[in-house]
Amino acid sequence: MCGIVAYLGKKPAQPILVEGLKRLEYRGYDSSGVAFLDNGSIRVQKSVGRISALEAILNEPEPDQTLGIGHTRWATHGEPNTTNAHPHLDYSGKIVVVHNGIVENYTTLKKWLESEGVSFVSDTDTEVAANLIGYFYGKTGVGADQKASNGQHEFEWAVQQAIQELQGTYGFAILCSDFPDVLIGAKKGSPLILGVGNDEYILASDASAIVEHTTQAIYLADNEMVIITPDGFQTKTISNVTISKDLEQIEFSLEQIELGGFEHHMLKEIFEQPSALRTCMQGRLNLQDKKIVLGGIAAHLRELTRTQKFIFTACGTAFHAGLVGEYLLELLARIPTETEYASEFRYRNPIIEDGTTVIAISQSGETLDTLAAIEEAKERGAAVFGIVNSVGSAIARATDAGIYLHVGPEIGVASTKAFTGQVTVLAMLAIELGRRRHLSSDTANEYLEELIKIPDKIESILGMSDHIKSIAAANIEQDNWLFLGRGFNYPVALEGALKLKEISYIHAEGLPAAEMKHGPIALIADGMPAVFIATAGPQYAKIVGNIEEVRARGGRTIVVATEGDTEIGKHADDLITIPHTPEILQPLLTVIPLQLLAYHAAVLRGNDVDKPRNLAKSVTVE
């Protein structure tokens with residue numbers, strides 16, 4: 001959840017590190033810091049708060065300081081303060097570390113190091129890692145000739161020895177003052193990418209900190225490390241086995257991660273959804289031949305068609321997309337499907353029988369809970385597939401096969417276009433499996449024709465942004481909201497409530513509309529907003545009844561309905577209409593007003609939409 005950036009090259013490192021940290025801001029953080037090698041010693045500067053606070057204490061860049069590391073911290077062990085901020089020095093002052101992840105056995109290691117006379121100044125688990133490397137480095141006088149004969153220097157050896165003692169997850173960037181032209185990175189469970197430019201190297205948590213400088217990168221896998229010098233880089237396992245890594249192309253451009261005239265990344269990404277979904281479907285929907293082509297899983301379609309049970313596993317917004325996918329697969333393909341929180345999956349002894357396929361859903365492809373669920377499913381013999389956005393991510397590599405969203409980078413912490421991309425991919429998968437099992441070709445083709453129209457219909461909804469802003473303005477003083485939907489729109493109600501909570505800090509609850517009267521109706525009070533998704537469908541009359549139940553108790557009703565519905569206005573204090581589409585595709589449209597509602601509510605309340613408090617974009621800790 002933290003952000004790492006490190007630079008080795010011919011340019012001054014400081015401005016590159018600061019710019020890289022700004023590009024990683026969206027990951028979430030509460031403090032930041034940088035470290036440079038300065039005339040044989042290590043200079044560390046750290047600050048709490050925004051990166052602008054760090055910039056304010058930095059000196060002018062030194063032209064000869066061409067090696068450095070930087071970090072944005074999202075606190076786990078120890079409160080956010082300057083002492084606990086990264087980078088962390090070891091007790092000797094020769095080793096400096098930045099870290100993304102959690103050292104689970106840090107308490108045991110800390111007690112042992114203290115018994116060896118090692119001192120600590122922070123409350124973090126990362127300082128334990130720094131001191132452990134320093135401890136082994138201090139022992140390199142013994143057997144140094146042997147280590148040299150293995151082609152290693154003392155710094156590299158010490159890093160390997162220390163890392164093999166750590167339990168948990170890590171992405172490390174490490175410097176040593178005795179080796180002023182060496183940068184070491186190591187990875188397990190947390191993302192780490194090396195950008196390879198012309199006589200320069202950038203090590204970072206994700207490609208957004210790299211793409212300004214190069215589009216060529218290598219993606220480290222778990223238990224791998226990289227040793228970087230001005231002459232090049234070498235990749236190894238942490239047990240010192242040399243390995244070869246291919247350079248890969250970063251799939252997005254610098255322009256795609258910049259604001260482009262929008263006030264916030266979230267707003268930009270909401271408005272990008274029409275073009276993002278067109279790209280997601282491009283080359284996959286062939287209306288002329290009436291085919292769906294999902295290249296990433298093409299070799300496995302017969303296996304998927306014979307699946308006896310699907311399990312979707314995901315967290316947050318991706319979990320809500322999985323719920324939509326559950327409804328789609330059961331209705332269209334008639335395959336029993338469950339959706340499981342990845343954070344609970346491996347702890348509850350899940351039932352994985354022959355013929356079970358697990359599909360992991362994640363925007364970043366780095367979510368640690370989802371990765372753990374994948375490993376659990378694989379150990380139990382399930383075929384495991386992925387639906388991710390980030391090419392080359394850990395989930396993409398850990399699964400048997402999968403489908404990329406191709407909706408472009410998502411910088412806003414509150415996910416928007418990734419959700420509609422996930423639902424679009426799940427709809428294509430369900431239609432294709434349905435066609436292969438129980439769905440008539442004519443019905444499948446009708447759904448494809450409607451799916452291809454979705455981007456245009458989203459554009460028409462985006463044109464109502466000012467109207468939705470006025471609805472938000474009329475309701476933002478209320479601190480408790482309900483979001484209610486039925487059928488395919490129940491997961492959308494959950495997603496709408498999550499969006500409002502994430503960025504406006506308003507308490508909101510998403511429910512199946514019929515469940516309201518089984519307890520939550522007690523919450524209804526004068527003026528309390530209740531957002532209903534009351535679009536055309538088989539449960540329309542039922543949800544109108546639910547709306548009246550709220551109105552009778554003084555609640556304020558915000559209703560998302562279908563264009564042309566002349567009756568629904570009688571039941572709505574505020575009305576938002578969307579174009580008609582089949583019920584199975586409605587989530588792609590009904591979620592758009594809820595995204596805009598949350599966005600405008602947050603802005604009107606003066607919140608930092610792209611950096612919501614306490615949240616991180618990529619959750620790489622448990």
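Residues are numbered from 1 along each chain as its sequence is written, and side-chain values use heavy atoms, with hydrogens and water left out. Because the model is predicted, local features need pLDDT of at least 70 and side-chain atom pairs count only at pLDDT 80 or more, while totals for chains, interfaces and linings use all residues.

**A parallel sheet**

Let us begin with an open sheet of five strands, in the order S19-S18-S20-S21-S22, with parallel pairing. Strands here are DSSP runs (E, at least two residues), helices are DSSP runs too (H or I, at least four residues), and both are numbered from the N terminus. Two strands pair if DSSP finds at least two bridges between them. Strand S19 (337-341) and strand S22 (401-404) stand at the edges; each has a single partner strand, so one side of each is left without a neighbour in the sheet. From one strand to the next, the twist averages 20°. For such angles, axes are lines fitted to C-alpha atoms (for helices over the stretch in contact), and the angles run from 0 to 180 degrees between N-to-C directions.

| Strands | Bridges | Example pair |
|---|---|---|
| S18 (309-314) and S20 | five bridges, parallel | Ile311 and Val358 |
| S20 and S21 (383-388) | six bridges, parallel | Ser362 and Val388 |
| S21 and S22 | four bridges, parallel | Ile387 and Ile403 |

How does the chain get from S20 to S21, and what is the handedness of this crossover? The chain passes through helix H12 (residues 368-379), and the β-α-β crossover is right-handed. That term means that, with the strands pointing away from the viewer, the path from the first strand over the helix to the second runs clockwise.

Seven of its seven residues are buried, so S20 is largely enclosed by the rest of the structure. Buried means under 20% relative accessible area, exposed means over 50%, and partly exposed lies in between (1.4 Å probe, protein chains only). In a regular strand the side chains alternate between the two faces of the sheet. In S20 both faces are covered: Thr356, Val358, Ala360 and Ser362 are buried on one side, and Thr357, Ile359 and Ile361 are buried on the other.

Phe312 belongs to strand S18 and is buried, with a relative accessible area of 0%. Phe312 and Ile403 are 91 residues apart along the chain, and their C-alpha atoms are separated by 14 Å.

**An antiparallel sheet**

Another open sheet has eight strands, in the order S3-S2-S4-S1-S10-S9-S11-S15, with antiparallel pairing. Its edge strands are S3 (41-48) and S15 (248-249), each of which pairs on one side only. Inside this sheet, S1 (residues 3-8) and S4 (residues 67-73) are joined in the antiparallel sense by six bridges, and Gly3 has Thr72 in S4 as its bridge partner.

**Backbone details in the loops**

Most residues other than glycine have a negative phi, and most peptide bonds are trans. Asp199, in the loop between strand S9 (193-196) and S10, has a positive phi of about 60°. His86 and Pro87 are joined by a cis peptide bond, with omega about 5°, and Pro87 lies in the loop between S4 and strand S5 (88-89).

**Cavities**

How many cavities of 30 Å³ or more does a search of the whole structure find? The search finds four. On a 1 Å grid over the protein atoms alone, a cavity is a set of points where a 1.4 Å probe fits but cannot get out, and lining residues have an atom within 4 Å of a point. Grid points are joined across faces, edges and corners, and a volume is the space filled by probe spheres set on the points.

The largest cavity holds about 120 Å³ of space. It is lined by 15 residues, and the closest to its centre are Arg486, Asn489, Thr535, Gln539 and Glu583. Strand S25 (529-534) and helix H19 (540-551) each supply at least two residues of this lining.

Methods:
1 Å grid on protein atoms, 1.4 Å probe; cavity = no way out; pocket = protein on both sides within 12 Å on 5 of 7 lines; lining within 4 Å.
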